[in-house]
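Q: Can you walk me through this one? Keep it brisk, and start with the terms.

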Amino acid sequence: MAGKKWQKILYEDQHVEDNYVDDSFLEEMKKNLYTRTYEYWNVVYETGVITQQLSSICLFVVSFIFMHSALLSPSSLLCGIGAATVCAYPLFRWMERSDVENRGQRSILDDLRTMVIFLTFSFGMSPILKTLTDSISTDTIYAMTVFMLLGNLIFFDYGTTKVVASQHLSLNASIFASVCLASRLPSTLHAFATVTQAMMLFALWPAFRKRLKITFPRADTVVTWLSASIAFLALISVSVVMATAFGLTHLFITYVCPLWLIKLQPYKNNIYGPWDEAVIQH
């Protein structure tokens with residue numbers, strides 16, 4: 001090695017071990033190349049999608065409690081779902097007008113056909129759904145419902161690219177939860193209303209929120225606080241403790257977690273250097 005500078009190659013014998021490196025090896029080391037700097041209020045804004053989904057779950061549970069206690073009739077719930085759908089669908093189609101990718105893929109007739117198929121299938125299967133889990137104890141049903149709704153919350157697609165997000169898994173978990181609860185209601189119409197509400201809250205409503213956020217970004221904050229307020233009022237009619245827990249959770253997710261994330265950012269230390277795998281540049 002005397003008089004000859006070491007090179008980072010393996011095809012030439014440099015009379016050193018294969019794992020030898022000199023002092024210049026770490027000169028190429030770089031830290032935190034792709035670290036994203038977050039602003040507090042931007043993070044607060046993005047947490048809205050989490051509390052919106054949490055509010056939907058709370059509304060679903062409260063609706064079941066009301067129907068189970070005979071405080072809400074399934075026909076009233078179905079009328080409310082129908083009215084909300086009739087009001088929201090034209091707005092959804094109008095917001096899609098500028099989306100070149102989705103334009104022309106689905107017509108109003110296609111959506112109407114899908115709705116009729118779902119309602120017919122759900123109504124026809126309601127007697128089976130009503131008795132499907134009759135042999136399972138109520139405690140087990142409620143435990144499975146809790147785990148399924150947690151699965152819906154965990155695997156919901158919040159706009160992340162991580163593998164953990166799965167729209168289909170999240171929706172299936174919520175539908176399974178509705179099937180579990182349907183067996184504890186007094187009639188097949190109750191079961192039909194429960195499954196229909198689950199489809200609206202966990203399939204149609206998230207799609208509407210996503211489109212609304214793209215078209216009118218500022219409206220997302222209004223949707224967040226409106227959803228949280230409705231869920232809080234619904235919960236307080238059932239249990240003050242549950243409503244308080246929901247309110248504190250909402251404030252924690254919205255204001256404390258973003259601050260926590262920003263405080264932890266300086267401790268991030270990703271290292272990049274000559275030891276990384278080669279990346280082919282197209």
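A: Patches first: they are made of residues with over 30% relative accessible area and no salt bridge, with like charges joined within 9 Å and nonpolar side chains (Val, Leu, Ile, Met, Phe, Trp, Tyr) within 5 Å. Accessible areas come from the Shrake-Rupley method with a 1.4 Å probe, and for residues only the protein chains shown count as cover. A salt bridge is a side-chain nitrogen of Lys or Arg within 4 Å of a carboxyl oxygen of Asp or Glu.

Q: What ground rules apply to the model?

A: This is a predicted model: local features need pLDDT of at least 70, side-chain atom pairs count only at pLDDT 80 or more, and totals for chains, interfaces and linings use all residues. Residues are numbered from 1 along each chain as its sequence is written, and side-chain values use heavy atoms, leaving out hydrogens and water.

Q: Which residues make the nonpolar surface patch?

A: Trp41, Trp225, Leu248, Leu251, Phe252, Tyr255, Val256, Trp260, Leu264 and Tyr267 make the patch, about 1100 Å² of it.

Q: Which helix gives the most to it?

A: Helix α9, residues 240-264, with seven residues. Helices here are DSSP runs (H or I, at least four residues; strands are E, at least two), numbered from the N terminus.

Q: Phe252, how accessible?

A: Partly exposed, at 38% relative accessibility. The cut-offs: buried is under 20% relative accessible area, exposed is over 50%, partly exposed is in between (1.4 Å probe, protein chains only).

Q: New topic. How many salt bridges in the whole structure?

A: Three. Glu46 pairs with Lys213, closest N and O atoms 3.0 Å apart. Glu46 sits in helix α1 (residues 40-46) and Lys213 in helix α7, so this pair ties together parts 167 residues apart in sequence.

Q: And the others?

A: Arg93 bridges to Asp111 at 3.3 Å between the closest N and O atoms. That links distant parts of the chain: Arg93 is in helix α3, Asp111 in helix α4, 18 residues apart. Asp110 pairs with Arg113 at 3.0 Å, again closest N to O. Those two are three residues apart in α4, about one helical turn.

Q: Where does α4 kink?

A: At Met125, by about 50°, shortly before Pro127. The bend is the angle between axes fitted to the seven residues ending at a residue and the seven starting there.

Q: Which α4 residues are buried?

A: Asp111, Ser122, Ser126, Leu129 and Lys130. Their cover includes α3 (74-95), α6 (167-182) and α7 (188-215).

Key
Contact means heavy atoms within 4.5 Å.
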